[in-house]
Amino acid sequence: MDMSLKKLEIERLIKELEFLESDYIYQSNVISTREYEFMNSIQTVVQGHPDLKKISDSRVDQLSNIVHIEDDNSNIETEKSDPRSKKLYREIVKLTHPDKISSKKLNELYLSATNAYEEGDIVELYKISFNLGIDIDLGDTEIGEIIDRIKNIKVKIESLKSSWTYKWILSNDKNKVIVEYIKDNYLTLL
């Protein structure tokens with residue numbers, strides 16, 4: 001592939017990734033903002049039907065008895081010795097380190113890069129490098145990593161969009177969605 005076309009393709013992928021990350025955050029915030037209202041709407045309907053209330057109460061009891069196991073990754077060493085990560089991180093630090101640069105935006109990029117480096121997130125380092133204008137030559141493997149991240153975020157967004165809360169938010173007939181939710185989550189248990 002021609003180098004100028006390759007750079008354009010990388011630029012397109014980075015911008016698509018940034019847009020999808022932004023969209024995912026937006027969709028998540030929309031759902032979390034309205035989740036309480038949706039659940040209250042369901043509870044209002046359930047409270048008016050004794051059979052559904054009994055099922056709801058038993059589900060709450062079951063959920064309160066579940067022991068949550070924290071996912072403790074604090075003992076896992078991340079792969080910081082990856083030469084690609086180390087090289088990118090050093091290039092980013094040269095342009096953003098708070099001891100040398102007094103720009104709030106660049107200092108924020110420094111913190112993001114440090115976090116990405118410590119977590120072994122090479123794709124985030126690619127994004128930061130791109131945004132700083134650091135010339136990086138990505139091979140097919142690196143481009144594949146970006147494409148994989150894009151695919152993963154698209155799956156997450158589709159998962160959000162298939163949630164009951166999201167369907168309820170977009171619906172013109174919110175009661176219909178509540179009825180469907182109750183049928184799917186309560187009536188199958190009768």
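**Around Tyr126**

Author: Happy to. Leaving out residues up to four places away in sequence, Tyr126 touches Ile14, Arg84, Leu88, Ile136, Leu138, Glu142, Glu145 and Ile146. One thing to keep in mind from the start is that this is a predicted model.

Reader: Thanks! Which residues in the largest nonpolar core touch the most other members?

Author: Tyr126 is among them, together with Ile92, Leu125, Leu138 and Ile146, in a core of 28 residues.

Reader: And which helices each supply at least two residues of this core?

Author: Helix 1, helix 3 (83–96), helix 4 (104–119), helix 5 (122–132) and helix 6 (140–161) each do. Helix 5 gives the largest share, with six residues.

Reader: What does a second, separate core include?

Author: That second core has twelve residues, including Ile42, Val46, Ile178 and Tyr181.

Reader: Let me zoom out for a second. How many helices and strands does the protein chain have?

Author: There are eight helices and zero strands in the protein chain. Read from the N terminus on, the order is α-α-α-α-α-α-α-α.

Reader: What share of the residues counts as buried?

Author: Of the 190 residues in the protein chain, 34% count as buried. The protein chain exposes about 12,800 Å², and carbon and sulfur atoms supply 53% of that area.

Reader: And how about contacts between residues at least 6 apart in sequence: what percentage join residues at least 24 apart?

Author: In the protein chain, that figure is 70%.

Reader: New topic: rings! How many aromatic pairs are there?

Author: The count comes to four aromatic pairs. One of them is Phe38 with Trp168, a tilted pair at 5.4 Å centre to centre, with 50 degrees between the planes.

Reader: Where do Phe38 and Trp168 lie?

Author: Phe38 lies in helix 1 (residues 3–47) and Trp168 in helix 7 (residues 164–170), so their pair ties together parts 130 residues apart in sequence.

Reader: Is Phe38 buried or exposed?

Author: Phe38 counts as buried, since its relative accessibility is 1%. Trp168 is buried too, with a relative accessible area of 2%.

Reader: Which kind of aromatic pair do Trp164 and Tyr181 form?

Author: Trp164 and Tyr181 make an edge-to-face pair, 5.6 Å centre to centre and with 85 degrees between the planes. Trp164 belongs to helix 7 and Tyr181 to helix 8 (residues 174–185), so this pair ties together parts that are 17 residues apart in sequence. Tyr181 counts as buried at 11% relative accessibility.

Reader: Which residues do ring pairs link into a cluster?

Author: Phe38, Trp164, Trp168 and Tyr181 are linked into a cluster by ring pairs.

Reader: Which residue lies over the face of Trp168?

Author: That is Lys174, at 5.1 Å from the ring centre of Trp168. Elsewhere, Lys156 lies over the face of Tyr24, 5.7 Å from the ring centre.

Reader: Last stop, Glu91. Where is Glu91 found?

Author: Glu91 is found in helix 3.

Reader: What joins the side chains of Glu91 and Lys94?

Author: A polar contact of 3.3 Å joins them. Glu91 is also 8.0 Å from Ser129 in space, C-alpha to C-alpha, while the two are 38 residues apart in sequence.

Methods. Residues numbered from 1 in each chain as written. Predicted model: local features only at pLDDT ≥ 70, side-chain atom pairs only at ≥ 80, totals over all residues. Heavy atoms only, no water. Helix = DSSP H or I, 4+ residues; strand = E, 2+ residues; numbered from the N terminus. Buried < 20%, exposed > 50% of the residue type's maximum accessible area, 1.4 Å probe, protein only. Contact = heavy atoms within 4.5 Å. Areas by Shrake-Rupley, 256 points an atom, 1.4 Å probe, with all protein chains shown as cover. Phe/Tyr/Trp six-rings, centres within 6.5 Å; stacked < 30°, edge-to-face > 60°. Lys NZ or Arg CZ within 6 Å of the ring centre and 35° of its normal. Core = buried A, V, L, I, M, F, W, Y, C linked by side-chain atoms within 4.5 Å. Polar contact = N/O pair within 3.5 Å; in protein donor to acceptor, adjacent residues only side chain to side chain.
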